[in-house]
Amino acid sequence: MVSGLFEMKILVCVKQVPESDSSFIIDNLQEWIYKEPLSYKMNRFDESALEEALSIRDRYKSVGLDVLSVGPENSKDIIRRALGMGADAGIHIFCDADRYINPFLTASCIVSYMKDNYYDLIFTGAMSEDYMQGQVGPLAAEMTGLPCVSFVVKQEISPDQKSIYVERELDGGLIESFKLTLPALITIQGGINKPRYPSLSNVLRANRAEIRTINADLDGNTDPKQINSRITIPEKRREGYVLSGSVQEKAAKLIRILSQKAFIT
Amino acid sequence: MRKAVQKLIFIIAEHHENKAKSVVFELAACADKIKRICPAEIKVIILGSETKKLSFEITHTTGLDAVAIEINELALYNAEIYKTVINNLAAELSPSFIIIGHTPRGLDFASGLAVGMKAACITGVEGLSEAEGKICFKRQMFYGKINAHITADSEPVIITVQPGAFEPYKPDNASPGRVETRRVECTPKFIRAKGIRRCKFQDSSISEAKVIVSAGNGIGAKENLDLIYRLAGIFPGSAVGGSRILIDRGWLEYRQQIGLTGAQVAPELYIACGISGASQHLAGMRGSGFVVAINRDPKAAIFNESDVCVVEDIKKFIHVFLEEYGKRGI
């Protein structure tokens, strides 16, 4: 741990997402999915964002690290998980709409909190695993006039705490690097680090911790927005012949198909 | 001169080393599709410190007109400059739609641009249709198991388009579009670009393979990769690939990564093992000839992209498959 004066406040925005092997059932109006049967976890990208922030705190003990989530009541579970991983305080912006919440609304919720609470650095995941929009971070940054770089794979705060050096990943194995003045918002690419497990002492603390809850003001928002008109099951783009029978039968069928197509001899 | 009723569509050209990225021609196809629903003029917007070669390439390939904006400070990409310059151009020309690639680069400025322009922003678009006089954009959600159909309730609309979702727009015998070159000054205040470098290397072996056996998160443990290699071993000219998560974990090398940030492949046979089929992966393999998917989850999105679907546990199935294969001809 580096001693000396390194005062900094970091906010990490996290989201709960359904497990990837969940079954998603479309409601009768074709407007949204039934949320009831789903089990949730912390978005993988956000876990990486939190780990990046925690690694800064490991180096500089006077760094304050808050975690924020916009979502329904059970979002508190991932906030507690984040506290268990080592975050200092949790903020829950309660929003229990049973419909698609577009990224402008989510970002506005975060921004309204940020207006009264100063942070030097804001981390978000590059996208959420369930919506895959990649928008909330960049939107929140622009709404608050902060510089933003997305898909960051490496970061380093300058010793004078006035800027941050980041590297971001492009397609084709290219890396771009930037220097941003602080305060700034960066979105973190998934898989760039190994998110730590909650420690026992932190979990005990997390269970007792009070999570600050704020009600989201969705109706008061008049920003331009997009609406979800309906949701559907994706159409098949290929034949999708489903093999039936026992495992042995399926294997034999696949061998037959592949030899007919001359992929195996 | 644009007719009063005609809308305007901007395509933002992504480029690297003075060459247009292939996604630009797919964005042009998307713009062309919008144009068929509501008559519109299309302009390709090219930003860079040097644009002559790029404008030539793009206007000659697509036949579309281009506005090339040369900015000295843009020798390296900078989100701040992109947002400022496109915002100014949009204020002048009032486009109804701005089409950007759904790439790490495109996503870096699309949403921020939307805030400045007070535009809607819909990312990861894979298709579009007309609904009650508006354009409805289709995008994946929930691990590709659900399609959302999203409309904007106002214009302008910024969309980012998933690579591989539209066939490239390269009309035959198109007469080259006109190029309007402008030069503007723009100095970024908060972001300084420091450089661009290639840190990971792709080789052509995966793109040249006739058969690719590809592994995803569903393979469970690293040891099971052995089964994937054994399965690949029975096909002549085969290679093993994987989805991003296995590369992140260090189980496979970057040159084996298939998808948006990895290789785009089109083998004769693609066997997806334990791959869920999120759009980032599909962007790398949709051109494959014959697709077989093996996944325990019957609702995995990959099955919508497959010719043959095997709903089984990967480990169990490949074991039995190899056993059955070994029995042949005895």
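This is a predicted model: local features need pLDDT of at least 70, side-chain atom pairs count only at pLDDT 80 or more; totals for chains, interfaces and linings use all residues.
1. The interface as a whole. In this model, 69 residues of chain A are in contact with 83 residues of chain B. On the side of chain A that touches chain B, 35 residues are nonpolar, 18 are polar and 16 are charged. Several elements of chain A each supply at least two residues to that side, among them helix H4 (136-143), strand E7 (148-157) and helix H6 (247-260).

2. Pairing across the chains. Strands E13(A) and E17(B) are joined in the parallel sense by 2 bridges. In one of these strands, E17(B), Val308(B) is the bridge partner of Tyr241(A).

3. Pairing within chain B. Strand E17 (residues 308-311) runs parallel to strand E16 (residues 290-295), and 4 bridges join the two. Here Ile294(B) has Val310(B) of E17(B) as its bridge partner.

4. Helix packing between the chains. The axes of H6(A) and helix H9 (residues 314-327) of chain B come within 9 Å and cross at roughly 60°. Because of this angle, H6(A) counts as oblique to H9(B). The crossing of H6(A) and H9(B) is right-handed. The contact includes Ala251(A) and Ile255(A) from H6(A), together with Phe317(B) and Phe321(B) from H9(B). The residues of this contact comprise 9 nonpolar, 1 polar and 2 charged.

Note on methods. Residues are numbered from 1 along each chain as its sequence is written. Chains are lettered from A and ligands numbered from 1 in the order in which they are written. Two strands pair if DSSP finds at least two bridges between them. Two residues are in contact if their C-beta atoms, placed from the backbone, lie within 7 Å. Ala, Val, Leu, Ile, Met, Phe, Trp, Tyr, Cys and Pro count as nonpolar, Asp, Glu, Lys and Arg as charged, and the others, Gly among them, as polar. Axes are lines fitted to C-alpha atoms, for helices over the stretch in contact, and angles run from 0 to 180 degrees between N-to-C directions. Angles under 35 degrees count as roughly parallel, over 145 as roughly antiparallel, 65 to 115 as roughly perpendicular and the rest as oblique. A crossing is left-handed if the near helix is turned anticlockwise from the far one by less than a right angle, and right-handed if clockwise.
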